[in-house]
Amino acid sequence: MITLISEHIWDFDLQVALGEISEQRRQQALAFKFELGQRQCVLAYQLLKQGLREAYGITENPIFVYNEHGKPSIVGHPEIHFNLSHCKEAVACVIDSSPVGVDVESIREYKDGLASYTMNEAELDEIAQASDTAAAFIRLWTMKEATVKLTGTGITDNIKGLINTGRYRYATVSKQKYIYTVATYL
């Protein structure tokens, strides 16, 4: 598995980068109203291209197809699985030979209402006992999002029961301003 993370969202020439990606991804990037979204979209694709080059020797721009829930795959390469995510501080890309999901989220203010809606009782207890409730919530949230992105099913009615350590493996990394989790099948 290759995991690529970049905090360099503002450290490249956007116009040059737009010329170096596929037309499909360029249109996706330009659909974002604000420059931040455009940059995140482009940088995620650049990380994917880097990983594909390093791991598989693929140098052409990948073209995506999407399942009914929006999970992308690469045309002509069903053996390659990847996932992309971004937040205000970082962009993440994970590539593997098996299905994979990744979510990166900024650590932001903790809100009881959101936690009550998305977390089960054990998770709420874990958050309540944490020294940093905001980071504890975001860690669990990235695990849930990475699970949904791994399975490719989208968020279901069972958001409180998404984390399943008996079925999925989670690797979570906490940084100062963000947290990311990679999910794979056991």
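Reader: Is Cys93 buried or exposed in this model?

Author: Burial is read from relative accessible area, and the cut-off for buried is under 20%. In this predicted model, Cys93 has a relative accessible area of 0%, so Cys93 is buried. Cys41 has a relative accessible area of 3%, so Cys41 is buried as well.

Reader: How many disulfides does a search of the whole structure find?

Author: A disulfide is a covalent bond between the sulfur atoms of two cysteines. The search of the whole structure returns 0 disulfides. Cys41 takes part in none, and its nearest cysteine sulfur, that of Cys93, lies 12 Å away.

Reader: How far apart are Gln28 and Gly152 in sequence and in space?

Author: Such pairs are read with both separations side by side. Gln28 and Gly152 are 124 residues apart along the sequence, and their C-alpha atoms are 20 Å apart.

Reader: Where is Tyr110, and what is it in contact with?

Author: Tyr110 is placed in the loop between β6 (100–106) and α4 (112–118). Beyond its neighbours within four places in sequence, Tyr110 contacts Ala115, Ile127, Thr133, Ala134 and Phe137. For one of these, Ala134, the sequence separation from Tyr110 is 24 residues and the C-alpha distance is 4.5 Å. With a relative accessible area of 21%, Tyr110 is partly exposed.

Reader: How many helices and strands does the chain have, and in what order do they run?

Author: The chain has 6 helices and 8 strands. The order is β-α-α-α-β-β-β-β-β-α-α-α-β-β. The radius of gyration is 17 Å, close to the 16 Å that the globule rule gives for 186 residues, so the chain is as compact as a globular protein of that length. Along the principal axes, the C-alpha atoms fill a box of roughly 50 × 30 × 25 Å.

Reader: What share of the contacts between residues at least 6 apart joins residues at least 24 apart?

Author: Contacts can be sorted by sequence separation. Of the contacts between residues at least 6 apart in sequence, 55% join residues at least 24 apart. Buried residues account for 47% of the 186 residues.

Reader: What is the accessible surface of the chain, and how far apart are the mean positions of its charges?

Author: The accessible surface is about 9,600 Å², and 50% of it belongs to carbon and sulfur atoms. For the charges, the positive and negative mean positions are compared. The chain has 18 positive and 23 negative charges, and their mean positions are 1 Å apart.

Conventions: Residues are numbered from 1 along each chain as its sequence is written. This is a predicted model: local features need pLDDT of at least 70, side-chain atom pairs count only at pLDDT 80 or more; totals for chains, interfaces and linings use all residues. Side-chain values use heavy atoms; hydrogens and water are left out. Helices (H or I, at least four residues) and strands (E, at least two) are DSSP runs, numbered from the N terminus. The radius of gyration is taken over C-alpha atoms; the globule rule is 2.2 Å times the number of residues to the power 0.38. Buried means under 20% relative accessible area, exposed over 50%, partly exposed in between (1.4 Å probe, protein chains only). Contact means heavy atoms within 4.5 Å. Accessible areas come from the Shrake-Rupley method with a 1.4 Å probe; for residues, only the protein chains shown count as cover. Lys and Arg count as positive and Asp and Glu as negative; His and the chain ends are not counted. The place of a charge is taken as NZ of Lys, CZ of Arg, CG of Asp or CD of Glu. A disulfide is a pair of cysteine sulfur atoms within 2.5 Å.
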